[in-house]
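Hello,

Here is the structure for your next look. My notes follow it.

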Amino acid sequence: MKPENVCYDIAMMKNNEPIIFDTADGQELRINMIGSWLKRHFGSKIVKLSLDGGFTCPNRDGSKGTGGCLFCSASGSGDMASDAADNITKALKDQIRLLSAKWPEARYMAYFQSHTNTYASVDVLRKTFDPVLDHPDVMGIAIATRPDCLPDDVLDYLGELNEKTFLWTELGLQTIHDETAKAMNLCHNRKDYDNAVQKLRSRGIRTVTHLILGLPGETPEMMRESLQYVCRSESCEPAIFGLKLHMLNVVRGSGLPERYPGYVPYGTMEEYIHQLIDLIEIIPPEITLHRISGDAPRQTLIAPEWSYKKRTILNSIHREMRLRNTWQGKAL
Ligand code: SF4
């Protein structure tokens with residue numbers, strides 16, 4: 001097992017030896033999941049705290065577009081986030097109090113997922129993000145945003161944060177295919193993404209890229225192209241630190257049901273799992289996986305109707321990988 005985020009030995013991959021990333025729960029984990037990676041990195045369990053910074057989105061207020069991305073529900077992309085924009089520090093402490101009763105040894109990552117978390121002045125960003133780092137048990141911070149919402153002064157601030165703490169920035173790319181991006185009303189494109197990754201990399205900031213599988217009009221080959229593009233390496237180092245991959249969820253409150261009535265991204269869970277594993281096999285082992293399934297709330301989910309069963313999906317993916325005797329990066 002290779003414990004850290006460094007280039008995996010090519011000889012090991014050529015010998016076709018399975019890479020086992022973790023065996024903590026008694027099962028072989030053949031995917032470089034971020035939970036295990038963080039545990040190795042920090043030496044203790046790391047729990048993500050979902051915090052809502054109260055930001056809006058430039059794809060809703062007209063500065064980039066209106067109506068939002070077609071798959072995004074009216075409340076934004078972080079439906080599972082805490083509802084505590086007005087008092088982040090209090091929300092943080094409340095969550096830690098509850099979670100520490102269950103996992104006394106745990107430490108935390110503050111996770112700002114809802115809407116566009118760099119869509120504000122640097123002054124506002126400082127007031128939002130800096131206080132969470134005062135808590136002694138918060139080991140780092142994850143900030144999700146759009147690729148076209150990282151002006152230079154914001155990037156400089158993120159660079160500062162990166163010096164002080166463990167930081168990753170999440171970019172909602174979803175697809176490299178500009179025709180799909182247009183159809184989904186993303187109002188950003190591959191060029192914006194390339195620009196953002198290059199600027200984040202030049203400041204040493206980790207990037208986690210979101211891709212959605214099963215967008216209308218996308219073939220398996222197109223999804224593969226998106227994945228290969230974002231996973232490209234530059235001098236033995238993948239351009240990104242992590243990936244979020246998940247099936248499209250059609251939810252109430254989004255524009256999808258009206259624009260694509262009756263659209264179901266994957267007919268069965270098995271179909272999704274098979275395609276996902278084919279993709280995982282071409283992801284370099286150094287890249288951490290932050291999500292491999294959706295987490296749409298059941299109350300608003302329209303399709304695929306099985307996608308709220310996150311635990312079942314995850315267990316099935318890991319079991320299928322063992323059955324296939326495959327692992328992340330096997331097909332590279
Ligand atoms: S997915 Fe993100 S960028 Fe798109 S509308 Fe929702 S909050 Fe805005």
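Which residues have the most contacts inside the largest nonpolar core? They are L158 and L243, in a core of 67 residues. Bear in mind throughout that this is a predicted model.

Helix α10 (residues 269–280) gives the most to this core, with seven residues. In general, nonpolar side chains tend to be buried together in soluble globular proteins.

Now the contacts of L158. Leaving out residues up to four places away in sequence, L158 touches I143, L150, L167, T169, L200 and I205.

Next, the strands. Strand β5 covers residues 206–213, and seven of its eight residues are buried, so β5 is largely enclosed by the rest of the structure. β5 pairs with strand β4 (residues 166–174) in the parallel sense, over six bridges. β5 also pairs with strand β8 (residues 242–247), again parallel and over six bridges. T209 is the bridge partner of L171. T209 also stands opposite L243 in β8. L243 is one of the two residues named above for contacts in the largest core.

Last, a charged residue to check. D52 sits in the loop between β1 (46–51) and α3 (88–102). D52 is buried but has no salt bridge. The nearest side chain of opposite charge is R60, 12 Å away. What the D52 side chain does reach is the backbone nitrogen of G54, at 2.8 Å.

Best wishes

Note on methods:
Residues numbered from 1 in each chain as written. Predicted model: local features only at pLDDT ≥ 70, side-chain atom pairs only at ≥ 80, totals over all residues. Heavy atoms only, no water. Buried < 20%, exposed > 50% of the residue type's maximum accessible area, 1.4 Å probe, protein only. Helix = DSSP H or I, 4+ residues; strand = E, 2+ residues; numbered from the N terminus. Pairing = 2+ DSSP bridges. Core = buried A, V, L, I, M, F, W, Y, C linked by side-chain atoms within 4.5 Å. Contact = heavy atoms within 4.5 Å. Lys, Arg positive; Asp, Glu negative; His and termini not counted. Salt bridge = Lys/Arg side-chain N within 4 Å of Asp/Glu carboxyl O. Polar contact = N/O pair within 3.5 Å; in protein donor to acceptor, adjacent residues only side chain to side chain.
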